[in-house]
Amino acid sequence: MNNINRRTLLSAVLGSALPAMAQPAKSDVLRIVVPFPAGSGMDVTGRLLAHTLETTSGRNVIIDNKPGAGAVIGSLDVSRSKPDGNTVLLNSAGHTTNAVLYKSLPFDSKSDFTPITRLATYYGWALLVGANSRFKTLQQFIDAAKASPGKLTIANSGLGNPTHIMASLFCKNAGVELVHVPYKGAPSNDLVSGVVDCTFLAPVSAQGWIQGKQMRALGLSGTVRSPIVPDAPTFAELGLDVPDIPAWSGIWGPKNMSEAAANSLHAMFAKLGQDPKYRQYIQDGGGVLEAMAPRDFKAYVDSEIDRFARILPPLGIQIS
């Protein structure tokens, strides 16, 4: 699917989903809480997901945006909801990093939720420079950073954001000292214009810039190359041992949800992969569709929180 068709699809979905936002929640309506603002990447995904669920399951679905505090406000809403199968949380891997980075949370990220399923995984964060950057390879960049510690800048999309975490992990494990520059949102324009030297972004977020030859990917976190930037080598290929922060989306219910209710929701979300438009949307974004079972998803989430509890504290990132 080309970018024009992708935008057309999303516009159509957004247009059809918006009237549903005004519908009152009923016991037979599934409320999907998105802890991010309307128009954000997760919100767009959520609205397409809701539209597809109504087609594949026949159930009425509404999106309820509750942004704020790095997804904490929306997550808290779900943690306090009735475990009747009518309210779920659509969130990212930030659910697992927040559990470690925040000094305190108004919920327990493990025990106050019922994991339902991991929907899709997006492999790798791309280390990007502007097209006019003098750096053509990752080794050139690392060599320059080591030669002039604290001179090169690396932008991120906010304190505690995965782009900030990836930047910190990269610096620590590549042995370089860069100046972190936080932004409220993606720093794409400043990267292209040369205000900052580099940044980490999900390949799909940089896809248009890369195709327009305004950005260049020097490397990719993880061990699997991205179909969006197939020429960008992974850090592992280059001999760098940099822990990855996998990008993925998942569904949680409130705590104390019955096994039957969790399994019923899982079966409903598993049908998403049967819809060709939804499947194409995930693939175009460089994602891999999944339908992880509740028990397996819980084990994965718990293990990720434990992993981050080991690797994140040494970075010195903490959110009040």
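Me: Which residues have the most contacts inside the largest nonpolar core?

Reply: This is a predicted model. Its largest nonpolar core has 79 residues. Helix H6 (residues 162-174) gives the largest share of this core, seven residues. The residues with the most contacts inside the core are Ile32, Phe170, Leu178 and Phe269.

Me: With which residues is Phe269 in contact, leaving aside its neighbours within four places in sequence?

Reply: Contact here requires heavy atoms within 4.5 Å. Once the neighbours within four places in sequence are set aside, the partners of Phe269 are Leu30, Ile32, Leu49, Leu53, Val88, Thr117, Leu119 and Ile251.

Me: Which strands stand at the edges of the open sheet of six strands?

Reply: The strand order is S2-S1-S3-S10-S4-S11, and the pairing is mixed. Each edge strand has a single partner strand, so one side of it is left without a neighbour in the sheet. The edge strands are S2 (60-65) and S11 (287-289).

Me: What is the bridge partner of Thr121 in S11?

Reply: Strand S4 (residues 113-122) and S11 run antiparallel and are joined by three bridges. Within S11, Thr121 is bridged to Val288.

Me: What angle does the direction of helix H3 make with that of S3?

Reply: Helix H3 (residues 72-79) packs on the sheet and touches strands S1 (29-34), S3 (87-92), S4 and S10 (247-254). Helix H4 (residues 94-101) lies across S3, S4 and S10, at about 80° to S3. For H3, the angle with S3 is about 150°.

Terms used
Residues numbered from 1 in each chain as written. Predicted model: local features only at pLDDT ≥ 70, side-chain atom pairs only at ≥ 80, totals over all residues. Heavy atoms only, no water. Core = buried A, V, L, I, M, F, W, Y, C linked by side-chain atoms within 4.5 Å. Buried < 20%, exposed > 50% of the residue type's maximum accessible area, 1.4 Å probe, protein only. Helix = DSSP H or I, 4+ residues; strand = E, 2+ residues; numbered from the N terminus. Pairing = 2+ DSSP bridges. Axes fitted to C-alpha atoms, helices over the stretch in contact; angles between N-to-C directions.
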